[in-house]
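Welcome! Please take a moment to turn the model around on your screen before we walk through some of its features together.

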Amino acid sequence: MKSFLPTLSHALLHVGVICILLLGASQYSFEVAPKTYVSPVDPIVWLALLALLISSTRPPLKELVRSLPVTGVCFLILAALSLLRAGNLLKGLKEIFQFAEYFVAAYLVFVGALQNPVLSRASFRMAGVAATIVLFLALVQYGVPFIPDFSVAGSYGNSNVLGGFLALTIPVWFGLLTCVRRPFFSLWYLVCLAASAFVLLSGGAVIGVMVAVLLVAAFRSTRTVLVTIAVMILVCLFAWPHLPRRNSEAFIQSSSLYDNDGAPTQRYTEWQAALSMTRENPFLGVGAGNYQDNIGMYYGYLPSPEHAAEPDSQNLYLVLASSCGIPALLFFAALLLEIMSRAVRRYYAETDPMLKGLLIGVAGSMVAFAIACIWSPLLVRGIGIPLAFLFALTTLRSSDQ
């Protein structure tokens, strides 16, 4: 019995990781209490963590804990401290629980899984399958004329969140394309990149992806940079303006300063209100998860919104600063920088082409994600799991392939 339980846990870990990767790239959830939602992947993450801890092939616990990004732990602690200011404690606890799921539970599960060669390969395949499914769904939606641009979202709620997912995914595909010399995979990466150019309709994500792709190209060679710039020019000037949905217009619509009547869009008016809220609550904010309950009180002389803002159109950094405090925001920014730094250092230390492509792609993903978060609060269900997986990839060793 003593040997059976760890072996069973190891098998359950395999199943759990595959389910997490397949279900984690979706915003599907069900309401368990008023305005409280649970995704099918949430309990699986915690069960997989339990399976990992008692698995027969678990890496040393000390090694697992040491792999946790220090900046991420500090962010989580400061976000939890902000609950001292929370008016709605239940919302705050739900937010902290979600952060812990992404930056501790899911991250540790992925780190542990990637140390096993068999599960590591299965994880890559499932992550690729999940991304391909999301992209295929978005392409189908893109091709249906009566579906509005905002609803071209794949398995997500809207195009803003799909943009966040693609901001994490496109740089990895591009990094692999520039490093891996295997015809089948190269063709697949090219097809995925071309399809992404169709369905990416979030202006902020477009800016982030273009900057990230150029940075990844710069790490490869001058020739790669020149080819990348040439392709970008062709896409921007000759492809996007003539696509069925006129993508370039959608980019402007999703990030413009003013509406068609010349009035400031609600997106930027709310940014000003969030700045005021941050100024009055600089250290602990108004409590994690309590942003929406408080933002209305800080419009002051600004025109009050006549209707609800477009979903997922806030600035993540202002949301974190005003709800969790400026120190928490700084540690979140430092977390993205720490992961990017890890990936770049490992990129130069590795010789395996596949791993080099993954690592430089992860570094690019952190840049694209950071920029996209200016226009969208992307620490949401469906993004946190892929983000945790990319974090965990920086711990992968070529000997584990």
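Helices here are DSSP runs of H or I with at least four residues, strands are runs of E with at least two, and both are numbered from the N terminus. Proline 60 sits in the loop between α2 and α3 (61-66). This is a predicted model, in which local features need pLDDT of at least 70, side-chain atom pairs count only at pLDDT 80 or more, and totals for chains, interfaces and linings use all residues. Residues are numbered from 1 along each chain as its sequence is written, and side-chain values use heavy atoms, with hydrogens and water left out.

Proline 60 has a relative accessible area of 47%, so it is partly exposed.

How do helix α2 and helix α5 cross? The axes of α2 (residues 41-53) and α5 (residues 89-114) come within 9 Å and cross at roughly 45°. Axes are lines fitted to C-alpha atoms, for helices over the stretch in contact, and angles run from 0 to 180 degrees between N-to-C directions. Angles under 35 degrees count as roughly parallel, over 145 as roughly antiparallel, 65 to 115 as roughly perpendicular and the rest as oblique. Therefore α2 and α5 are oblique to each other.

**A nonpolar patch**

Leu22, Leu23, Val129, Ile133, Phe136, Leu137 and Val140 make a nonpolar surface patch of about 570 Å². Two or more residues of this patch come from each of α1 (4-24) and α6 (117-143), and α6 gives the most, with five residues. Patch residues have over 30% relative accessible area and no salt bridge; nonpolar side chains (Val, Leu, Ile, Met, Phe, Trp, Tyr) are joined within 5 Å, and like charges within 9 Å. The areas come from the Shrake-Rupley method with a 1.4 Å probe, and for residues only the protein chains shown count as cover. Leucine 137, found in helix α6, counts as partly exposed at 34% relative accessibility.

**Salt bridges**

A salt bridge is a side-chain nitrogen of Lys or Arg within 4 Å of a carboxyl oxygen of Asp or Glu. By this rule the count comes to four salt bridges, including these:

| Pair | Closest N and O atoms |
|---|---|
| Aspartate 149 and arginine 245 | 2.8 Å |
| Arginine 342 and glutamate 338 | 3.8 Å |
| Arginine 346 and glutamate 350 | 2.8 Å |

Aspartate 149 lies in the loop between α6 and α7 (159-179) and arginine 245 in the loop between α10 and α11, so this pair ties together parts that are 96 residues apart in sequence. Aspartate 149 is partly exposed at 28%, whereas arginine 245 is buried at 13% relative accessibility. Arginine 342 and glutamate 338 are four residues apart in helix α15 (residues 326-349), so about one helical turn separates them. Arginine 346 and glutamate 350 are both buried.

Arginine 246 is partly exposed at 43% relative accessibility, while aspartate 312 is buried, with a relative accessible area of 17%.

How values were computed:
Buried means under 20% relative accessible area, exposed over 50%, partly exposed in between (1.4 Å probe, protein chains only).
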